[in-house]
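User: I would like to go through a protein model step by step. Please show it, and then I will ask about its parts.

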Amino acid sequence: MSLKNWLNNGWLTEHRTSAQEITALLAVADRDLSDCRTPGLSPDWKLNIAYNAALQTATAALAASGYRAA
């Protein structure tokens, strides 16, 4: 299924992004990937932090393609 189909289904909205927005989203992902390696964190918390990194990366990819999750 294409992003256009997702837009037509109402799962996405069109979004005009900027280099600053993409940079900020990827910076959060980089920070989270670093933070999830912190010794002493529980496995659940490490997974939560790594999941947020993946979410921020996916958000950046959608934004770069001209979309935002609805």
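User: Which residues does Thr13 touch, not counting residues up to four places away in sequence?

Analyst: This is a predicted model. Thr13 has its place in strand β1, which covers residues 12-14. Leaving out residues up to four places away in sequence, the residues that Thr13 touches are Leu7, Gly66, Tyr67, Arg68 and Ala70.

User: Is Thr13 buried, partly exposed or exposed?

Analyst: A residue is buried under 20% relative accessible area and exposed over 50%, with partly exposed in between. The relative accessible area of Thr13 is 35%, so Thr13 is partly exposed.

User: What is the distance between the C-alpha atoms of Asn8 and Ser18?

Analyst: Asn8 is found in helix α1, residues 3-9. Asn8 and Ser18 are 10 residues apart along the chain. The separation of their C-alpha atoms is 24 Å.

User: Does Asn8 count as buried or exposed?

Analyst: The cut-off for exposed is over 50% relative accessible area. Asn8 has 58% relative accessibility, and therefore counts as exposed.

User: In what order do the elements of the protein chain run from the N terminus on?

Analyst: The protein chain has 3 helices and 2 strands. Helix α1 takes up residues 3-9, and strand β1 takes up residues 12-14. Helix α2 spans residues 19-35, and helix α3 spans residues 43-64. Read from the N terminus on, the order is α-β-α-α-β.

User: Why is the protein chain said to be more spread out than a compact globule?

Analyst: For 70 residues, the globule rule gives a radius of gyration of 11 Å. The protein chain is well over that value, so it is more spread out than a compact globule. Its C-alpha atoms fill a box of roughly 45 × 25 × 15 Å along the principal axes. The radius of gyration itself is 14 Å.

User: What share of the residues of the protein chain counts as buried?

Analyst: Asp32 is an example of a buried residue, with a relative accessible area of 5%. Over the 70 residues of the protein chain, the share that counts as buried is 20%.

User: Which residues are linked in a network of salt bridges?

Analyst: The whole structure holds 2 salt bridges. One is between the side chains of Arg31 and Asp32, at 2.9 Å from N to O. Arg31 also forms a salt bridge with Asp35, where the closest N and O atoms are 4.0 Å apart. The network therefore links Arg31, Asp32 and Asp35.

User: Where do Arg31 and Asp35 both lie?

Analyst: Arg31 counts as partly exposed at 45% relative accessibility, and Asp35 is partly exposed at 32%. The two residues are 4 residues apart, about one turn of the helix. Both lie in helix α2.

User: Which residues is Gln56 in contact with, leaving aside its neighbours within four places in sequence?

Analyst: Gln56 lies in helix α3. The relative accessibility of Gln56 is 17%, so Gln56 counts as buried. With neighbours within four places in sequence set aside, Gln56 is in contact with Leu25, Val28 and Ala29.

User: How far apart in space are Gln56 and Ala24, C-alpha to C-alpha?

Analyst: In sequence, Gln56 and Ala24 are 32 residues apart. From C-alpha to C-alpha, the distance in space is 9.3 Å.

Definitions and conventions
Residues numbered from 1 in each chain as written. Predicted model: local features only at pLDDT ≥ 70, side-chain atom pairs only at ≥ 80, totals over all residues. Heavy atoms only, no water. Rg over C-alpha atoms; globule rule 2.2 N^0.38 Å. Buried < 20%, exposed > 50% of the residue type's maximum accessible area, 1.4 Å probe, protein only. Contact = heavy atoms within 4.5 Å.
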